[in-house]
Structure formats: structure tokens, C-alpha cells
Amino acid sequence: MLIDEQIARRAASGDQKALEQLCAQTWRQLYRFVYHRVQNREEAEDITQEAYSRMLKARPASYSAGQFVTYLQTVALNVIRDRWRSAKARDRNHPLMQPMRSTGDAAEGIVQRDTVRRALDRLNPDYRTVLELRILRGLSTAETARQMGRTEAAVRTLQYRAIQALKEEIR
Amino acid sequence: MKSRPDPEQELNQYIDALDAEKRPEPPSTPEMESLFRTVRTVKALKEPAEPSPDFEQRLLSSLRGEQGRRRRLWWAGAGLAAVAAVLLLVLVPGLGRRDVVAAMVQAVEQVHRYHGVLEVRMANLAGEEEVVRTQEVWVEGDRYAIQMQDGTLTINNGEQKWQVRPQDRVVAILPVAPDPLRFELDLKAMAENARRYPHKVVGRDTVAGRTADIVEISPPGGDPYRIWVDTATGLPVQLVTPMQNALQTTFTYTTLEINQPFDEDRFSFIVPEGYQVVEDDPGLVVTTPAEAAQRLGFEPVMPTAVPTRMIAYQDRLVMEFGPTTVVQRKAEGTFRPATYGALGQAAGGLLEVLENSLRWRQGDLEITVTGPEAESIARSITPDLTLPDPEADFPKQPEVSVQVDMGVLENSQRQVDAGHMPYLLDPTMVTMSYLGSLELVLPDMDALEVSYSTGVRAIVEVPTGPISRVYLQRLVRQDFTGIWTVVGYDPR
């Protein structure tokens, strides 16, 4: 993303208007970056907001226009790490923290999606259907059960096994 | 000691949370976290959920708050905070101003189902307007039912679409996609499009006894259209399309009930006694290109965006990207673009450009993309897509120029705007009419071929007779509603 050097300099000197402009130019990219990791809107919004808040508190000496978004992404990763530590102070190698194969780059994203799609294709049809209905179409367990002609308990078991199978396929 | 939850239940709750775009509970075990990660990987196949409509505003407000706190510490005066807040309101115009579209998106999010009477009116450029139909609609999520005045009932329950026709005593199974009708009706789609595209409030009006703000929406590359937003409920109650082919359509909810329960069987497939079920090719929802290829017998070309739904029919694949659809089928015979469209280039061949769609051949497939995002989606399918340049002149000037009378043309344009002489919108029919006016032996209509069209200038090839080529131009109005006029020709 191209960011105006002049705006970046004014923002670094504490110019409120410039900060808002910088934020308005970059938040969508940061939101998508965070969403990619957490896959839910509530957390993605919270983390995006906290990243900007920390950026302000840290008061970096300069906002290099070229690296501003990368800097924010690093701050966002720190926010995710801290949240993870406070929830489960255990695993520094939490998958959310590992370098992502995709940082929003379109080509890498396509490759990643293709890998998952191929893995889904290799699953048996019932596994594929339950994941499609529950995760991609966002149907409730009850709605999925109705569509698949099964009980809700059977859907829960099926999706559990389907996720286990997919995990092995992707590995 | 807290016991660990049942793993199946824990995974189920995690998926529920992500489906609802809510923060999930953390995993209870490393094994469960690896399953959660797999769920996220699958969900990443979908486009990220859009942030809340007011997120940018909240973010900027929090930014101002942080700055304010820093200033208060710096100045060490609590009393100054109030002054700073007042200054902020004064110095940042628009802070606190009500955003009609953001409020509408929020109001629509609270609508789970609605039932209303929709009136559809059409007006021509002469200002004549008539009610063309009134229909009763029931909408719940992806499901809807529409009952026309003659009793015809169309239902789409998300899985099946069918029509109950009392006059024929028939229940007809219909293809579930493409289904452009729902996007004209649906409150959610109306709000979503308003949010997505540039918009501004242009006035206030009364619709069906309700006070409403008028919002003008300008889709990129399209004509602006307007919606009316009820000031009391925040919901859209009227949509007026741009003038298309000299006609403008107004959709108005004359009544609207929100979140009232429907009959249990409202979206159930029920065949009334004595009715016959007619099923042509209802299509099958497929989830992957491989599955589509297996059913269709050809490999579809995938755009870079992920479709919201794919439906494979016996002879074609329909991919939906919100209100934009892509249809792919095996190419057959010669590609003949519509004579009233403009011509561009795609995949090394001709591209048909209509007001709302693009169609071309790529390999052994024929591809049609229809809807507001047609151009960007088409470009992701074929990188070498060239749209016609409306400013471009004829590649070669006519050997004989034809004089035109602008007064006569403007009168003809008014006639067309009023719904008469629609053939003036088709360059081949104008050519035929011109050849007739010269008292020449007319060629077969199908033999005329548009060899060049920018949408403003066109050349029609005439296979027989003393004239080989006719040059036409839209002189009065340079869009799809403008009439064509002969401005020259080449003798054979």
C-alpha cells in the first residue's frame, strides 16, 4: 500500500488529522490480516483496534511510509500473542504466532486455498458435506442435521471426524 | 477441578462461535487447538466477514480517545479534557453526524424475517408511469416466497426453487440460480450494496405514509440509483433503478412487517392436490471445481474470487458472487454477439458488451458474466480483456457521408424514450430501415453483421447489394438508451 510520506511524517509528529488519515488508509488491510488468523469478526475488530492503540502508546520516532503496515502487523501479532498467553500461558509456538504462509498476498492465498480445497476433495462425501454446510455455509447444527437427514448428535460426531480427517490430509 | 468438555461439543461450540463471527472460547488441549486451526483453515476459504458498519468510526473515535488521554497527561490538567472534547467536536466536522447508511445496515442486521407488499411501477422518459405488478413477499434469510396478483407463487427455500401456477395447475421446478430477482427485493442486499458503493443523502420524502431519507448510490461503472430509507425504522422501503432502455422501475414496500412469525409451511415444498410437477433441470449445488467438472464433462475456468455458491446444470455451471453471476457452458456453433451490444476483445476473440453483462469464448467454453462486478470478475477469468473505447473513432471513415437532421433525430429519440420505435436502438435494424428507404433489395436480416461497435459508433457489414458497409453513430445520446443513426456507407 502506498502511503503518503508527508502524512506519515505529520502523524509521527503527533498531528491528529494525519494520524486519522493514516488509520483510514490502513485499517482495512490490517483487519484482513488479523481476520485471516482469527477467522471471526469480533476478535479481528478488537485486535485491530488494540494494535492502533499500542502503536500510539509506543510513539515510534517515525512512521516510515513503506513499513507502516508491516509495523502494525507486528504489533497485531503481539496483541494476539499476549491474548493467547493470558488465556493459556503455555505455548510460545502457538500456531497463530507462527509466520503465516500468507500475509494477504493474493498468489500465496490462492495456493493455500487450493491446498485446502484439494484436501477437502479427498475426503469422503459425508465429511465434505458436513464441513461445507457447517463452516462454509454457516448452517447451525440443527439445520445441518435437517439437510443431511441425521440427528444433531450424529452431525457433531461427523464434523469432529471430518476435521480430524482433514487435519491429516493437510498435514 | 474443572472437568474437560466433551471434545465433540467443544469443537461444535468453536464452529458455532466462528459462524456467528464471535470470539470463541480458547481450546482446552493442544490436540483441540490443532482441530481449531483446521477449522480456521477451512473457514479461510471464504472471504473475510466485513467489519461492523460502524467499525471505522469506532476505531477513529478510540484513536481520538488515546490521543486525548496522552494530551491530558502531558498537560496534567483534568479540566482540560472537557475543553479538548469540545475542540474535537468543533475541529472534526462530521463527528457525531448520523450516517443514514450505517444506521440502515445495523437496522437490517436485526431483521430475521419480513413480510410485505411490494409494488412495482415503471415509468418512461415522457413521465408516464403505471403499476406493472403488485406482489406479496415473505423473506427469511436466504429463503423467500413471492405471490403475484394472479396467484402464481414462487418459492426459493435456499435448496430448491419452484413455482406454483394455479391457472395451469402445475408446480414447476425452476433452476435455483442465477436468481437476480432476489437482489431487487432483499432488504439485506439493498443495505449491503448501499454500504459497499459510494453514496450520499440527497433529500427527504414521504413514501407510503412514511418519512424517508433519499440515498443516492453510485456503483462504479454503473448509473446511480436511489433508495428511500424509513427514518423511523432505518429500513429501506423503496428502490428506484436508473433509466434503462428508456424505462425506470420503482420498487416500493407499501406494507412491511418485521420479525413476525410465518406459517410453518411457508417455504415447504407442497404440491397441491390435482397439480402436476414439471421438472426440467433443477441443478445441483457443487462445492468444488472438480465436482462441477465431473457433472458437466468440462473443466470450468475459475475466477480468483471464491464464489458464494456454484450450481451445476446439465449443460452449464453457474457461479454466484453476490449479485454477480458467471455462467460457463460448452461453446457451440459460431459466436454471434448481440447486434445491439458493443464489441470488445477477450481471450483472443470478440467480447459482447451489454449494459450489465460481458460474454465471450475462451478455449472451448462460452462465458457470460452478469452483474455489478462483471468487469472485475471477467478480468480475473481472462487477463486480456479489452473493453470498447466510447471515444474511439471509426477505424476507417465512410466513403460516402450521409447528412443528418438533428431536429428529426431528437424527435425520434423522444419517441424511443416514450417506448415507441425500439428498433432504433439496434444498429442492424436501423441499417435495414436505411437500405429500405433507398428502395434497395433487402438482404436477409440474419446476414447483417456488426463488425465494429464501441457502443457509440458501429459498422454493419451488408453481404449483398450496392452498399457493402454502413456506418452508424449514436448522435443524440451516447449510452444504451441512445438511438442509432446512419452517418455514412461504402459502396460495393
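**View 1. Chain A as a whole.** Buried residues, meaning those with 20 or more other C-beta atoms within 10 Å of their own, with C-beta atoms placed from the backbone, make up 30% of the 171 residues in chain A. This is a predicted model, in which local features need pLDDT of at least 70 and side-chain atom pairs count only at pLDDT 80 or more, whereas totals for chains, interfaces and linings use all residues. Residues are numbered from 1 along each chain as its sequence is written, while chains are lettered from A and ligands numbered from 1 in the order in which they are written. Chain A has 8 helices and 0 strands, where helices (H or I, at least four residues) and strands (E, at least two) are DSSP runs numbered from the N terminus. Among the contacts in chain A with a separation of 6 or more, 57% join residues 24 or more positions apart; two residues are in contact if their C-beta atoms, placed from the backbone, lie within 7 Å.

View 2. Where pLDDT is low, the predicted coordinates should not be read in detail.

**View 3. Helix 2 against helix 3 in chain A.** Helix 2 (residues 16-38) and helix 3 (residues 41-58) of chain A pack at an angle of about 130 degrees, with their axes 9 Å apart. Axes are lines fitted to C-alpha atoms, for helices over the stretch in contact, and angles run from 0 to 180 degrees between N-to-C directions. Helix 2 and helix 3 of chain A are therefore oblique to each other, given that angles under 35 degrees count as roughly parallel, over 145 as roughly antiparallel, 65 to 115 as roughly perpendicular and the rest as oblique. Helix 2 of chain A contributes Cys23(A), Trp27(A), Leu30(A), Tyr31(A), Val34(A), Tyr35(A) and Val38(A) to the contact, and helix 3 of chain A contributes Glu43(A), Ala44(A), Ile47(A), Thr48(A), Ala51(A) and Tyr52(A). These residues divide into 11 nonpolar, 1 polar and 1 charged, where Ala, Val, Leu, Ile, Met, Phe, Trp, Tyr, Cys and Pro count as nonpolar, Asp, Glu, Lys and Arg as charged, and the others, Gly among them, as polar.

**View 4. Helix 6 of chain A and the residue Gly138(A).** In helix 6 (residues 125-136) of chain A, the buried residues are Tyr127(A), Arg128(A), Val130(A), Leu131(A), Glu132(A), Leu133(A), Arg134(A) and Ile135(A). Helix 6 of chain A is followed by Gly138(A), which has a positive phi, near 70 degrees.

**View 5. Helix 5 against helix 7 in chain B.** Helix 5 (residues 100-109) and helix 7 (residues 187-196) of chain B pack at an angle of about 150 degrees, with their axes 9 Å apart, and that makes helix 5 of chain B roughly antiparallel to helix 7 of chain B. The contact has 7 nonpolar, no polar and 2 charged residues.

**View 6. Where chain B touches chain A.** The contact takes 42 residues from chain B and 47 residues from chain A. On the side of chain B, the elements that give two or more residues are helix 1 (7-19), helix 2 (30-43) and helix 3 (55-75).

Note on methods
Buried ≥ 20, exposed ≤ 12 C-beta atoms within 10 Å, placed from the backbone.
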